Amino acid sequence: MKEFFTSNGFKLFIACFLIGTGVCILSFVPGANFIPSVIDFVVNPMQKLTNDMTDAAVEVLPSKEKTSDDYEEEIKNLKSEIRRMRTIMVDYYDVKKENTQYLKFYKFKKENKTLDFKMASVIAKDPNELFYGFTLDKGRDDGISVNDPVVTENGLIGRVVFANSHSCKVKTILSPDYKIGIIDKATGDSGVIIGKKSLADQNETAMMYITAQNKMQVDDIVVTTGLGGICPRDLPVGKVKEIKNDDYDSSFYAVIEPFDDIKSIIDVFVVTGFQGKGNIITEVLTQEKK
């Protein structure tokens, strides 16, 4: 019996009895009815907030749980939308490129009314080509032939060395195999463009066979002479960067910096016709030193 009165169960019973008795007594005390009011004041807003959150969750959450088929269908629709957006982006870039080309075409045509030309874009570059030659997307069917000059809106960059029906290869003015007469526009000093391996990687070429008495200055502009009938006259080639002595024969040459970064060329004009084309004239300047 002693164990019963000392057990936890008996203690819990006594505690509940005392709490109940206390609540009953308070209910007969004047003014004690404020306790339920206080409890209602605290509990009712919490209960309303809980109900509102429950209703909102019911509205947001789907009426039924999605299956794996539902998710697969959503993924399929998203992939289809991504493909559609990619197509739109490709079309956008094509239109943007065409607009840029047309603007260049219009400007170049306006400034070179005596030239016939075709616009072309670079489609391949040979990584083993030491002088940054490239292949264009136009060929014989477009009226392009071997030796046609290749230019940009800034000036001469090369010539066609091979053409098939729908493409052609271009050798740049950075190459030692490209030779053409040029002249300093300011001083009248003349020479021949002949590329050098030591200059090509810096996007530079050389104006060879200038005289020791030349009056050329840094930043002078050099242009084509037009002699030989293979290139129009007065096409800009570049500007004088430096005048040096040749290491082999002590002759003078000028380092020429083209007006374009030839290594990064994308769009060009191939000159297919110009005044004096094909009129071959013996040109002393083009005689190579053996």
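How many bridges join strand 9 to strand 10? There are 3 of them, linking residues 221–224 with residues 236–245, and the two strands run antiparallel. This is a predicted model, where local features need pLDDT of at least 70, side-chain atom pairs count only at pLDDT 80 or more, and totals for chains, interfaces and linings use all residues. Residues are numbered from 1 along each chain as its sequence is written, and side-chain values use heavy atoms, leaving out hydrogens and water.

**Overall picture**
- The protein has 5 helices and 12 strands (DSSP runs numbered from the N terminus: helices are H or I with at least four residues, strands E with at least two).
- Of its 290 residues, 32% count as buried (under 20% relative accessible area with a 1.4 Å probe, protein chains only).

**The barrel**
- A barrel is closed by 6 strands in the order 6-7-8-11-10-9, with antiparallel pairing (strands pair if DSSP finds at least two bridges between them).
- Val 223 has Pro 236 of strand 10 as its bridge partner.

**The second largest pocket**
- A pocket here is an open set of points on a 1 Å grid over the protein atoms alone, where a 1.4 Å probe fits, with protein on both sides within 12 Å along at least five of seven lines; lining residues have an atom within 4 Å of a point.
- Lining residues include Lys 125, Asp 126, Glu 129, Phe 134 and Lys 169.
- Strand 1 (116–125), strand 2 (134–136) and strand 5 (168–172) each supply at least two lining residues, and strand 5 gives the largest share, 3 residues.

Definitions and conventions:
Buried < 20%, exposed > 50% of the residue type's maximum accessible area, 1.4 Å probe, protein only.
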